[in-house]
Amino acid sequence: MKNRLWMTAVAYAAPTTSLLVGLLLTYGAARGASAISRDERQRQLNAGLEAAATQVALRLDGLGMNGLDGGAPAPAGEVSSALLGGLRLGRDTGLALEHNGGVVAHSAGEVELNMAASVAVDGHDGWRLVALVPSTHYADARPVAAAAAGLTTTVLLSAGLGIWSLQARRRKAVEQDLAYSYRASRHDALTGLANRPHLMEWLDAKLVDCQALGRSLGLVFIDVDRFKTVNDTMGHAVGDELLKEVARRLAGTVRGGDLVARLAGDEFVVVFPGVADGEKLAELAERMQLAFDAPMELGTGPFYASLSMGLAVGDGYTASSHGLLEQADAAMYVAKSTPGKRWAFFDERLRAEADGRQVLGDALRAGLEAGELILHYQPVVAMASGQVVAVEAFVRWDRPGHGVLAPGAFLSVAEENGLIGAIGRMVVLEACRQAAEWNSDAMGAQPMPVAVNVSERQLLAPDFAAVVAGALEQSGVAPQLLHIELNESMAADARVRASGVLDELIALGVSLVIDDFGFRHGSLGVLKELPLAAVKIHGSAVLDVVEDESDQAMVEAVVNLAGVLGALVVAESVETPEQLAMLRRLGVGNVQGHLFMAPVPAEELRALTWTRRIELRHGTGLVVTAGLARPGA
């Protein structure tokens, strides 16, 4: 912009300056020519006047007019023809003959004249010959011509210079526009990094060098974790700030000859020429990961970004840049889908897995549309009586030809393909419909709530509360019969609190349950901040509760606090009678796990809608229900 302003100033200043300088030079030249013209004219006039005075002296001698020296001059008309006849100094110059200061004769008619020069007539004292010019005497044409020529030249030169300057400016502006357009076509507008066309062109050239010179290069495919969640919950402006900060940090970790590019969305690629082995590439990947240990300030508070990376090495045998990108992309998905794994190398096994995930994603989308996703339910049992106090819904995929698949087999693919929202809406609606059916058929029995697990992405979606409200209205179920289960990290997340979604759910009358407590932090403070219907202790604490004293202490603390808060305590994943017995001694009131019943379809739980009790195995230390007959039957 500054360059263009400077060019515009020069374009207008150059002809203006030229015009001013030209006018000054023209004025000087005209004045000089005028002065020269006046001097030359005066010399010519003086010379002509002297010659005419000689003629007048001869005429005076011939006329014998010396006697007039002492007397009054004769009338001019009587002597003019005799004394001045035939004498001419120029077409606009007249003559007058004076005697003792009085005009004796003149040859200028009635025109008002001014004296231009005078000379004494030799041999005749008191006589002078005077050159007369009109009062409207025109100067020599040469100064005017010089001025006109100079002015014309100045104007033409200034105009030409102005046109040249404007053309130069326009040409320079076009060159700059072309350069800017070229750069814009090769760089990402948001981050300033190389864009996909630039990357592919540059990568193709580097692979040609690898083939010609026997070199190698390393490529890292990067995906920003949780970016869609940030976009959905914090807005696209915050998402853009996140991408710009990621780009800045990546660019700050590479070497001089490396290339950082934004491929699309939250995907970045870094190419390291000269890297020939995976060990070196792994070191570079770790260095990039370290750049994200510090939090980012995104305007909503500190945010810790994490990256999933796929690594691949290209050499002279690499078929194409597209193939190398696909390899690194496949490795990135392995890293993303493996808990705790930040990067992975590509191999042929990964290619098969990537192809399989693509096929699985397509099949899942078709299965969701075809109604192949169903819910299984697992009861939560009161330890003292065998009373079923709630059931938890688990999504399953009844995939033709593959049997019934658990969530671990397809939910990560659903996340990758953007299907998790649709699946979540289906689960909430179906759980509400099933809860309404069971409780309407209970004939006055104790209400049996249905619990639904929600993911962070679901909970932070702007329309989640509206989805729940719609499901409650559509199914007709009482809001307190729907339990929303969220893990402790989500409950403590500042973004969740700031979104107000928990307050909206509470306002709807829905009950909140903390799920998987003790799996990550086990912060008892989280339990005090929300009105909770229940707290579920994660199976990892139940697994070793018989022998691990720290797990026992944690369970006792949760039981005590939940008792104060009026919330139920549920131990998940109970599988052995020994675990059950220890949980009873620690004061846990409710249990859930395969010791009692695995998740099953809704039809297999129909008896629970009558008795609200479950037939327990002998030896568990619990009451065994003798029959499952429907009350009143």
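The model is a predicted one.

Start with the sheet. It is open and has five strands, in the order E6-E7-E5-E10-E11. The pairing is mixed. Strand E6, residues 259-264, and strand E11, residues 343-345, are the edges, and each pairs on one side only. On average, neighbouring strands of this sheet are turned by 20 degrees against each other, direction ignored.

E6 runs antiparallel to strand E7, residues 267-273, and five bridges join the two. If you want a pair to click on, take valine 260: its bridge partner in E7 is valine 270.

What lies across this sheet? Helix H8, residues 321-337, lies across E5, E6, E7, E10 and E11. For orientation, E5 covers 217-224 and E10 covers 307-314. H8 runs at about 145 degrees to E10.

Next, the helix pair. Two packed helices are described by the angle between their axes and the distance between the axes. Here the helices are H5, residues 227-234, and H6, residues 236-251. Their angle is about 145 degrees, and their axes are 7 Å apart.

Which residues meet? From H5 we have Phe227, Val230, Asn231 and Met234. From H6 we have His236, Val238, Gly239, Leu242 and Leu243. By type, this contact has six nonpolar residues, three polar and no charged.

Which of its residues are buried? Phe227, Thr229, Val230, Asn231 and Met234 are. An α-helix has 3.6 residues a turn, so residues three or four places apart point the same way. The cover over the buried residues of H5 includes H6, and also strand E5 from our sheet. It also includes strand E9 at 302-303, helix H12 at 456-460 and helix H15 at 494-499.

Last stop, histidine 99. You find it in strand E1, residues 94-99. Why does histidine 99 count as buried? Its relative accessibility is 2%, and the cut-off for buried is under 20%. The histidine 99 side chain makes a polar contact with the side chain of asparagine 100, at 3.4 Å. Another polar contact goes from the histidine 99 side chain to the side chain of tryptophan 127, at 3.3 Å.

To recap. The sheet is open, with E6 and E11 at its edges. Histidine 99 is buried, with side-chain polar contacts to asparagine 100 and tryptophan 127.

Methods. Residues are numbered from 1 along each chain as its sequence is written. This is a predicted model: local features need pLDDT of at least 70, side-chain atom pairs count only at pLDDT 80 or more; totals for chains, interfaces and linings use all residues. Side-chain values use heavy atoms; hydrogens and water are left out. Two strands pair if DSSP finds at least two bridges between them. Helices (H or I, at least four residues) and strands (E, at least two) are DSSP runs, numbered from the N terminus. Axes are lines fitted to C-alpha atoms, for helices over the stretch in contact, and angles run from 0 to 180 degrees between N-to-C directions. Contact means heavy atoms within 4.5 Å. Ala, Val, Leu, Ile, Met, Phe, Trp, Tyr, Cys and Pro count as nonpolar, Asp, Glu, Lys and Arg as charged, and the others, Gly among them, as polar. Buried means under 20% relative accessible area, exposed over 50%, partly exposed in between (1.4 Å probe, protein chains only). A polar contact is a pair of N or O atoms within 3.5 Å; within protein, one must be able to donate a hydrogen and the other to accept it, and residues adjacent in sequence count only if both atoms are side-chain atoms.
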